[in-house]
Amino acid sequence: MDNLSNTEENYDLGYQPSPCSTEQNDQSTTETPGCSTVSGGSFLYCRTYSGTSAFSEAVDDHSCCSEASPSHWPARKSGAQKLAVLTRQHKSNVDEKLDALESLDLELETMKERFAKLLLGEDMSGSGKGVCTAVTISNAITNLYATVFGQNLRLEPLNPEKKALWKREMDCLLSICDYIVEFAPTKSQNLCNGTAVEIMESRPRSDIYINLPALRKLDAMLIEILDSFQDREFWYAEQGSMSSNSTRIGSFRRVVQRNNEKWWVPVPCVPPNGLSEKARKHLRHKRECANQIHKAAMSINSNVLSEMEIPDSYMASLPKSGKASIGDAIYRFMYSAEKFSPEYLLDCLNIASEHEALELADRVEASMYTWRRKACMSHSKSSWSMMKDLMSDVDRNDKNHILAERAESLLFALKQRYPELSQTSLDTCKIQYNRDVGQAILESYSRVLEGLAFNIVAWIEDVFFVDSTTRNISKEG
């Protein structure tokens, strides 16, 4: 009874004696390794992982000896394995957090570097010889577009990393527009003496307030068009990786002609019987959407460029005669025709390449501003900022004014017929000498979206061309 009471007291204290110690007091622990006394470490282990089994069942001498026998050691080993697994998981989580912090630090350093270059105007010497802020931001948007979309020559979703890069950095660059504001009277207030005063409040500048949300919407729509080609019936093959059958020759020639012999452009491929009607309907719908986006972006870009100031250097370089700029044949047609038709004139010119079209656009644009300057010669102000205000006072029947109007309509028709036309000399000069940050952002943003929309339309037309050729071949076979 005394022994039993001592045992109960030991249980109350949280200590469980070795069952073999009560029966084999004369034997050493080395002779009975299976009945050794529980060490402090194993005691804690039993309390932590086997407390339920230790207190839920009756314990006798034989069962106690069996619990302490080596047959139960794998349970300890299993617990140790669990502890090791938990330790490895914890270490893995810590490593992942450290990697995430290092990635964040690297990203922050990259953003600091890029914004430092913006503030320095791309002049890392700090001597103030860099370009102005407007040109720097315009170049940044153009370079970002080349980085993200430059290698994307297929109808497929954009890489998630590049998509995140485009969104993150464009948000940073466009955030500048949040601080381009103008003051406008919003409401009036009467003072104590009865005097009515207008309260001025800041609001986004009108051109940014109208155009920037529209450009953001067009941007999201273009990304959505690319994402819609996740599951598609056509695929792409690089040059030399296709078999000699199918439509490789026809499609490849088409791509070469459109992209000025860029042989690295991937070639679209379709199934032997062509695309399904559902796939063709989807392509037609996306082509129409991209075409409308292209027109909207081109319209915004043209409006922004038209509002930019014409540099004095361009006005000084204009020829003295508009006739010498466009040539005798075009001048006679523009001057003698009672009802001028720019479309008919373009048909007669038989423009064979984009280079010829761009050269004609530069000459027509130069003659247009030459005639406008002559129409305003009666006024002593020759700068464009002054000349633009005087155009409304010019006699509408003046010969120079009529020729300038016809040159403007010819230039508009030329750009409509060749939408992929590069920037004219005047557009390039405006962007180079522009000092308005808001106009620089709107112009570069609309320009890159215009280019992406045009590329999407061209890629869809390539797929249609391959599909049509494949179906014709299958019918003939």
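**Group meeting: patches, a lysine and some salt bridges**

Let's start with one residue. Asp99 has 47% relative accessibility, so Asp99 counts as partly exposed. The cut-offs are these: buried is under 20% relative accessible area, exposed is over 50%, and partly exposed lies in between, with a 1.4 Å probe and protein chains only.

Before going on, the ground rules. This is a predicted model, where local features need pLDDT of at least 70 and side-chain atom pairs count only at pLDDT 80 or more, while totals for chains, interfaces and linings use all residues. Residues are numbered from 1 along each chain as its sequence is written, and side-chain values use heavy atoms, leaving out hydrogens and water.

Now the overall picture. The protein chain has 19 helices and 4 strands. These are DSSP runs, H or I of at least four residues for helices and E of at least two for strands, numbered from the N terminus. Of the 477 residues in the protein chain, 34% are buried. The accessible surface is about 29,300 Å², and carbon and sulfur atoms hold 53% of that. Areas come from the Shrake-Rupley method with a 1.4 Å probe; for residues, only the protein chains shown count as cover. Take contacts in the protein chain between residues at least 6 apart in sequence: 76% of them join residues at least 24 apart. Contact means heavy atoms within 4.5 Å.

Back to Asp99. Asp99 sits in helix 5, residues 73-120. What does Asp99 gather with on the surface? The answer is a patch of negative charge, made up of Asp95, Glu96, Asp99, Glu102 and Asp105. A patch takes residues with over 30% relative accessible area and no salt bridge; like charges are joined within 9 Å, and nonpolar side chains (Val, Leu, Ile, Met, Phe, Trp, Tyr) within 5 Å. Asp and Glu count as negative, Lys and Arg as positive, and His and the chain ends are not counted. Each charge is placed at NZ of Lys, CZ of Arg, CG of Asp or CD of Glu.

There is a nonpolar surface patch too. Val94, Leu98 and Leu101 form it, with about 240 Å² of accessible area together. Leu101 belongs to helix 5. Its relative accessible area is 49%, so Leu101 is partly exposed.

Next stop, helix 15. Helix 15 spans residues 354-375 and holds Glu356. Glu356 is partly exposed, at 38% relative accessibility. Setting aside residues up to four places away in sequence, Glu356 touches Asn350 and Ile351. Look at Asn350. Asn350 lies in the loop between helix 14 (342-349) and helix 15. Its phi is positive, about 55°, although Asn350 is not a glycine. As background, most residues other than glycine have a negative phi. Asn350 is also exposed, at 59% relative accessibility.

Ser367 is in helix 15 as well. Buried or exposed? Ser367 is buried, with a relative accessible area of 1%. Neighbours within four places in sequence aside, Ser367 contacts Gly322, Ser325, Ile326 and Ala407.

On to salt bridges. The rule is a side-chain nitrogen of Lys or Arg within 4 Å of a carboxyl oxygen of Asp or Glu. How many salt bridges does that rule give? The count is 16.

Asp171 takes part in one with Lys167, at 3.3 Å, N to O. Asp171 and Lys167 are about one helical turn apart, because they are separated by 4 residues in helix 7, residues 160-174. Lys167 is exposed at 54%, whereas Asp171 is partly exposed at 30%. Asp171 also forms a salt bridge with Arg216, with the closest N and O atoms 3.4 Å apart. That pair links distant parts of the chain, helix 7 for Asp171 and helix 8 (residues 206-227) for Arg216, 45 residues apart. Arg216 is partly exposed at 37%.

Lys415 and Asp427 meet in a salt bridge at 3.9 Å, N to O. Here helix 17 (residues 399-417) supplies Lys415 and helix 18 supplies Asp427, 12 residues apart. Lys415 is partly exposed at 29%, but Asp427 is buried at 8%.

Lys430 is in helix 18, residues 425-433. Lys430 is buried yet has no salt bridge. Which side chain of opposite charge is nearest to Lys430? Asp427, 5.2 Å away. Outside four places in sequence, the contacts of Lys430 include Leu305, Met308 and Glu309.

That's the tour. Questions, please.
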